[in-house]
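This report describes selected side-chain features of a predicted model.

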Amino acid sequence: MTGFLIGIFVTVLAAWFIIKNYQPQTVLLLAGLSLLTITAVFFPEQSILYAKSKSIGWVGGDIFAFVKESLTTQVAGIGLIIMAAGGFADYMDHIKASNSMVDMCIKPLQMIRAPYVILAIGYILSQLLHVAISSAAGLAMLLLVTFFPVLVRLGVSKAAAASMIGMSAFMDLGPAVGTANLAAKHAGMETAVYFAHYQLPVAVGVMLVVSVLIFFTARYFDAKDGHVVVQQTHEQQEQKEGDKVPWFYALLPIFPVVLVIVFSPLIVATIKVDVVTAMIMGTMLAFFCELFVKRDFKAVCKGVQVFFRGMGSMFTSIVSLLVCADVFAQGLQIIGAVDYIIQTVQNAGFGFGSMTVVMALLVCVTAALTGSGVAAFFSFSGLAPGIATKFGESAVSMILPMQLMAGMGRSISPVAGVIIAVSKAGECSPFMIVRRTVIPAVGGIITMLIINGILN
């Protein structure tokens, strides 16, 4: 109880400072270090080591070594995805490939003259794309490179386009997703069966509701912010004669997307190409295209440096915040705040239906506070089979909404890596992105719980 109250107090205090526009990286880092220090001083029986790391021999040093371990983990994982995608995006801009792709896509889309309809349809397409691209941040970065400039050219605001992309992984769907694999294991079935028979029927209804809410929410907030919908014509964006590039440059930004989809369980299951590998391959393909077109080896080699500068920029603005948020989230778990919530739920004495809703909401709240849907689901998922057995119910009836809720909570978390990433493109704060995602998210959550209750 004490750890829970301390965790809540530190969380509220950190949120207040961030709302007051204090540097979020520093605030979250100090909050996480405070939780670790309090744990070390007042709860010495509780380990403050990061995951399976070893002590350096002094508990005071372990607190700061925790940050190093977080850096190692995050930079090697989601941080590397964000940096590689950011570097690739900057390189595509540098060689004018992004402009070429937008010019190719903009003509047929401008004929529709309904930018918010395209925005809503874009959510459905991106959510389906998440089946192949399991990383929420990786998918978002790919969409920022490819689809984001198209939406902006069609007339929606940058904030509206960024918010939709922030919801592209609203539900973690498909056999490639780690939480889906764990959920299937707890439910006692194959991942493919879990996906086809349980996830998809619920996901279809949720996607329709969320897409409609994105349409109306984006229009409302754009109007409220004074955004005027003006489609930029091809003539307005016509490149200067010296900036024109060959037509096939339009294909370069989507090359990594094609690689990730083709070499996945959806098509070629024997080969798996992850997002970072695809970005590197895409960059090298673009390098050879530049060399073929410009025939200036020295200049083309110098141009690739833009890729690495872009990676560094993403580390400074986004990955650093991701690491600090991870330290804070881990601090909440170590001090016992999450364990207290679990124990409270176990002792509450709810019926199975109410218990399912409570467990799903706990995953959602934890994901929203920590920014990690994976951590939230992994913390609670192990409880579902035992609870279902006590009620004589199928475990999948509880595990499915919990697993889907992990992604849903992430979409309304201002400290989630995907929200932080898209906020930069939207030229606004993560809180402004969440302001736009919360209504579609709540609608999707309610729809998911209703459909799950009916079907399962």
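## Aromatic pairs

The predicted model holds ten aromatic pairs. In one of them, F17 and Y22, the ring centres lie 4.9 Å apart and the planes meet at 85°; because planes over 60 degrees apart count as edge-to-face, the pair is assigned to that class. F17 is partly exposed, with a relative accessibility of 27%. Y22 is also partly exposed, at 44%.

A further edge-to-face pair is formed by F215 and F216, with 4.9 Å from centre to centre and 90° between the planes. F215 has a relative accessible area of 17% and is therefore buried, as the limit for that class is under 20%. F216, at 48% relative accessibility, counts as partly exposed.

## A charge over a ring

An aromatic ring also takes part in an arrangement with a charged side chain. The charged end of R295 is placed over the ring of F292, at 5.4 Å from the ring centre.

S320 lies in helix α14, which spans residues 305-334. Its relative accessibility is 19%, so S320 counts as buried; the cut-off for this class is under 20%.

When neighbours within four places in sequence are set aside, S320 is in contact with Q25 and F315.

Definitions and conventions: Residues numbered from 1 in each chain as written. Predicted model: local features only at pLDDT ≥ 70, side-chain atom pairs only at ≥ 80, totals over all residues. Heavy atoms only, no water. Helix = DSSP H or I, 4+ residues; strand = E, 2+ residues; numbered from the N terminus. Buried < 20%, exposed > 50% of the residue type's maximum accessible area, 1.4 Å probe, protein only. Contact = heavy atoms within 4.5 Å. Phe/Tyr/Trp six-rings, centres within 6.5 Å; stacked < 30°, edge-to-face > 60°. Lys NZ or Arg CZ within 6 Å of the ring centre and 35° of its normal.
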